[in-house]
Amino acid sequence: MVSRRGFLKSGGLALLGVGLMGGIPGFLAEAAASEKIISPYKKRKTLICIFQRGAMDGLMAVTPFNDQYLKDARPTLFMSAAKAGNSSPLIDLDGRFGLHPSMKSFEPLFREKRLGIVQGIGSPNNTRSHFDAQDYMESGTPFNKGTSSGWLNRAVGLLGHDALTPFTAVSMTSAMPRSFYGDNPSVSISNLQDFAIQMRGNPMGANMAAKSFEDLYDQTSSGLLKQTGKESFEAVKMLQKTNIKNYTPANNAVYPNSALGNSLKQIAQLIKMDVGLEVAFAESNGWDTHFNQGAENGIFARNVADLSGSITALWTDLGAYQDDVTVMTMTEFGRTVHQNGTGGTDHGRASCNFILGNDINGGLVHGDMKPLAVENLEDGRDLAVTTDFRSVFSEVADRHLNINNDHVLFPDWSGNRIGVMRG
Amino acid sequence: MKRTIKSLCCISLLILGTVSLSSFFIAYSHNSPFRWKFPYQQQGLTERQAAAHLLSRFTYGATPGEIDEVVKSGLENWFKQQMDADLPDDSLNRLLAPYDAIKLTNTQVVTEFPKNAQVLRMAISAGVVNKDSVKTDRKSYRDVLQNYMQQNGMKPEQELFRQFINQKILRAAYTNNQLQEVMTSFWFNHFNVSITKNDCAQFIPAYERDVIRPNALGKFNDILLATAKSPAMLYYLDNFTSSAANGNVPAAKKLIRAAQLQNMPSQMVDSGRRAALVNKLQKAKNTQGLNENYAREVMELHTLGVDGGYTQQDVTQAAKVLTGWTIYPIGQYGKLGKNIMDKIGADRLENRRFVRDSDFLFNANRHDKTEKVVLGKHFGPDEGYQEGVQLLSMLAHSPATAKFISRKIAVRFVSDNPPQSLINKMAKTFLDKDGDIKQVLITMVSAPEFWNASALREKTKSPFELAIGSVRSLHADIEQPYQLYNWINKMGEKMYYYQAPTGFPDKGQYWINTGALLNRMNFGLALATGRIPGVKIDLAALNNHHEPESAQAALAIYSKLIMPERKLDETIKRLTPLLTDPNLAQRVDEASSNKLYAKVGEPAEKSMTAPEKMMADNKLAAQGKRPNNVMAMQTPGNNKSMLGQVVGVIIGSPEYQRR
C-alpha cells in the first residue's frame, strides 16, 4: 500500500504557514492549535545520488598510475602523476592512484577524509548495454528486469516514518528516473520555479486560479486528489518562503553553469529550506566516450571538472548542513582498459565511484583492484568488478539514512560490506 | 452503419425462425447480430449517465454533444461499432498525410534514420569528417555531419520519434475508432518497449502500427505471438541474442586461446592486434549463450503474472525453447544471422529449418535442440520454431493468464481495484472464447459491476488522457502535437520512454503527486487561455457564440459543457464566491491583457517537425492570418480572459481529473 504522507498531522508546517493569499489555511491553524509545535525536519539526513549516464571511465578518473599494463594499453590516454613540462599531472592520492587533474577541487575533500572512492565497483551482471546496466543498477536487481520499483524508492519506504513532506524524495529530472519508480511518495521536477500555479504575464490571474484550485481540491470526494492537493499547495507555500530565482549560494560557492550544477544548486536550496528532503537524485550526462575522450583536456576532462566542481560547490554551499548530507555517484559500468581506434574507450565492466560526507571512511581508495594484467581482467579486456554496487549502496543507505533492511532494498543480495562508512 | 445493423437484425429474425441456436446469439462476431444489453438501469443510471460512463471508459474523453449521439444510436450499437473499429477516418487521415516517417517499414527506417554513432562512422569512413578533429570544434563538426546526412538522404532519429509521437496524439484526439486506439495504448503498455533502449527504439513506430494496433481487439494469442516475433520486443528483452548455451564452443575456445596467447605481458606491445582479437572474442561470447530476460518477462508480465505458478526452472527451460528467435537482418541489426544465411543460401533456409516471417527470423542454428519441460509440458526435442509457438500458445491459454489479463483490463476500464466477481466472469470468457478480447470486453460491459456506482468516476486520468480529453472537450485544433507531448511529459507520462517492461502503473496513486498535480492545473490554465502554441481553441464557439453574462454564468455553462452528466453543484458553489467579486474580472483583465499579448504566440517553429510546420502554415494561409495563438476569446477589455481562466480552472479541477 502507498503510505500517505503524514506531514499534515505533525503540525510543524504551521511555522511555514505563509498563505498563498496572505492567510494561514484553516487546517494548519487547527493543527497548530491542537498539537505541540515541533519541527519535524530537524536531524533528517539527506542522501544525494548522482547518476553518471553513459558509463564513466573509472580508470581515467582515478588512475593506477604505476600500472605498466594500463600505460601500454592506452598510448594516448594514459596520464602520469609526475610533473612534465606545462602539463598538469594526476593528483597523487596515495602513491598508487591519481585523481584526474580536472578534479582538483576534490583533493582537499579527500585529504580531509570526507571523500571516499571505490575503485572496481560494478554490477555482477556483465551486460555491456547502457540500458540494461542502468536498469539493473537503478532497480537494484541485476538479474531481474521485471522489478517494478527502483532502489531509492524502496529506500524511501524504509525510512521508518511516513514521508513528512512532499519533498521527502526529489529527483531533479524532467522524468521520473528508474531509481525512483515505485509506490512510495517521490517527485521529479527539473526546476523548482515550476512549483507554482503559473499564468505567464498574469500573476493576478495565477493567484486567483491558485485560490480556486485550493478550494476545489479541498472539497473533492476523492481522497487521493484531496490529500495531494493539500500537499501541493503546502509545497508551493514552502517554496514561496524563499526567493528561489535569486538564490545566492553561501560561502562564495560557485556552481558550474551546467545541468548538474543547476540540479545540485536546487537540491542545496531544498536542504537549506528544511523542507524535509531525505533522498535526492540528479543526473550527469555525456560519459559514453567512444571517440576522442581526451586526457588532460577534452571531453572527459570537461565532464569530470563539471562533476567535481558541482559537487564541491554543493558541499561549500551547504556549510553547516554538511553533517546531514552524503553525496554518492554511480555509473552503469566502466570502460575498456585498452583505448580503441578512435581515441576513446568502449564499454567495459567496473568503474569507480565517489562518496562524500562527514561520516565517510574517506581519504581512501577502497576496493580490491588488481594490476591490469590480462589474466586479471574480466573477459580478457575489462577492469574486473571486485565490489558489487549493492554492497556500497546498502552500506551508505544504512549508515547515513539508517536503512538496514537489505532484503527489501536489494532483494537478491547477501554480500558483505567493505567499510566505506566509518564504523 | 445504423442501417446495416438494422438489416442484420431483420436477417437474424429470419434465422431465428429456422435455426434455434441460442448460443449463436450470445457469441459475438463481426457479421452476426448481438443481443447483449447493458445493465445500467438496474444500477440506477439514466441512459445519458450510462452513455457518459461508457464514453469515459472507452474513448479518450467525450466531445461536446457526443453523449447525445451515443444515446441516439443506442449504447449497445455504439459499443459494437467501436469494437468493429472500421469507421471511416478521413479527416484524421488528412492530418496524418504529411507524416511520411510513420509509414516506413523497419528496413526503410533503419536506412533513413540512422543512429548518430552510425552516421559518425559513415562520415569518418567517407572521409567527410576527420576522426581526430571530432568534437574539437563542435559547431562546425555538427554542421558537417548535418550536411553529410542531408546529402545522403538521412534524417536525425529524433525526427522519427517526433513524427511517431505526433501521430499518436492526433490519432487519439481525432480518430472515430476510439476504442481501438484506447486498446492500442493498453496493449502497448502491457507489452511495453521503450525508446530509452537504443537498440529497439527505431522499431517502435512499426511495432505499434503493425503489431499492436491490428491485434488490439483480436485474440490474445495472436498479439502475444506477434510481439514475441517483433524486432522491438526481440531487442528490448534481448531474446535476439539468446542461443543454445553450448553452440559453437570450439570456435569460441579457439578465440580465447588465441587471445590469451596474444595477451602475454611480453607481447603487450602489439596492442592493436591484441585488441582486435579480444574484440572478436567478446563478440563470440556475446553471440552465444542463453538470455532469460524475455522468457522471464513473458511469463511474469505478459501472461501468467508474477504469482502465476512458474519457477526459475521454468524460466530457464522456456528461454531454451525460444533460442534462435531473432530478427531477420536489417542494416546493422542481425548481422550474425546474415553471415550464417549468406553461407547457407536463401533458397536452402527452409531445408535447414530456418523460418522467416517479415522481420522475424527463426535461426535454427542457434536453437537449443534438447528436450525442455515448461510447467509440466514437454517441448522438443528438435522441433525448432514450432516449440516456441506451442509454448506461447500454452501460456496464452493458461487460466492464470486469463485471470491476469482480465484483471488488467478491468483495472483499465472499471477501477483501480475491480471486484473479483467481475474478474472471474471475464476470465471465464477469456478461457471459453479462446482469448477473444472483444468477448472479454463484452462480458465486462454486460456485468452489473461495470455500471455500479462504485466504479463511476473511479479512475484517475493519466496525463495523456487528461491532455487528449481536454482537447476533445474543447474541440481544440492541434497544429503542433508535440507541444501537447511536452505537457504530457511535464505531468509525468513520458510516453514511449517508460524504461521498465512493466509499463506505466495503471493506478491513480502513480499519477497523482504534488509536482504532477500542479502541472495538471497549469496545463488547464495554459490550454484554456490559449497559451499552448499550436493548440487552438474557440471557447465562444463551444457555447454557440453566446457570451455568458458573467463569470458566474460562464462557470455554470462551461462546466456543464466540459463535464456533462457530472454532479457539479459543489464545484460551482466553491468557485462562485471567487467569481462574484465585482471588480475581479476587470482586475484580471488589466493584469493580463498587455503582458499576455507580449508573450504568447512566440515562434515555436524551430521545434516543429516538417509536417507540423506545413499544417500550421497551411492553416494560417487559409485564414489569411499571421501566427497568433490568442483566439478572439481573449481580446482585452471584457470578460473573455476571465472565461479562459474559468475554463482553465475547470480543466485543472479535481472533478476533471477523474473519469
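**Ground rules.** I number residues from 1 along each chain as its sequence is written, and chains are lettered from A in the order in which they are written. For this predicted model I take local features only at pLDDT of at least 70 and side-chain atom pairs only at pLDDT 80 or more, while totals for chains, interfaces and linings use all residues.

**Confidence, chain A.** I looked up pLDDT, the predictor's confidence in each residue, from 0 to 100. Chain A averages 88, and 90% of the residues score at least 70. Residues 1-41 of chain A fall below 50, yet this stretch has 71 contacts in the model beyond near neighbours in sequence. I count a contact when two C-beta atoms, placed from the backbone, lie within 7 Å. A reminder to myself: where pLDDT is low, the predicted coordinates should not be read in detail.

**Chain B overall.** I found 36 helices and seven strands in chain B; these are DSSP runs numbered from the N terminus, helices being H or I with at least four residues and strands E with at least two. Of its 659 residues, 50% are buried. Buried means 20 or more other C-beta atoms within 10 Å of the residue's own, exposed means 12 or fewer, and partly exposed is in between, with C-beta atoms placed from the backbone. Among contacts in chain B with a separation of 6 or more, 76% join residues 24 or more positions apart.

**The core.** Which residues have the most contacts inside the largest nonpolar core? I noted Ile204(B), Met444(B) and Val646(B), in a core of 278 residues. Helix H11 (residues 299-318) of chain A gives the most to this core, ten residues. Such a core is a set of buried Ala, Val, Leu, Ile, Met, Phe, Trp, Tyr and Cys residues joined through C-beta atoms within 7 Å. Leaving aside neighbours within four places in sequence, Val646(B) touches Ala551(B), Ala554(B), Leu555(B) and Tyr558(B).

**Where A meets B.** The contact takes 59 residues from chain A and 66 from chain B. On the chain B side, H33(B) has the largest share, nine residues.

**Helix H6 of chain A.** Is this helix, residues 130-139, mostly covered or mostly open? I found it mostly covered, with ten of its ten residues buried; among them are His130(A), Asp132(A) and Glu138(A). The buried residues of H6(A) pack against H7 (151-157), E9 (325-331) and H12 (389-401) of chain A, together with H12 (198-201) of chain B. Gly140(A) follows H6(A), with a positive phi near 80 degrees.
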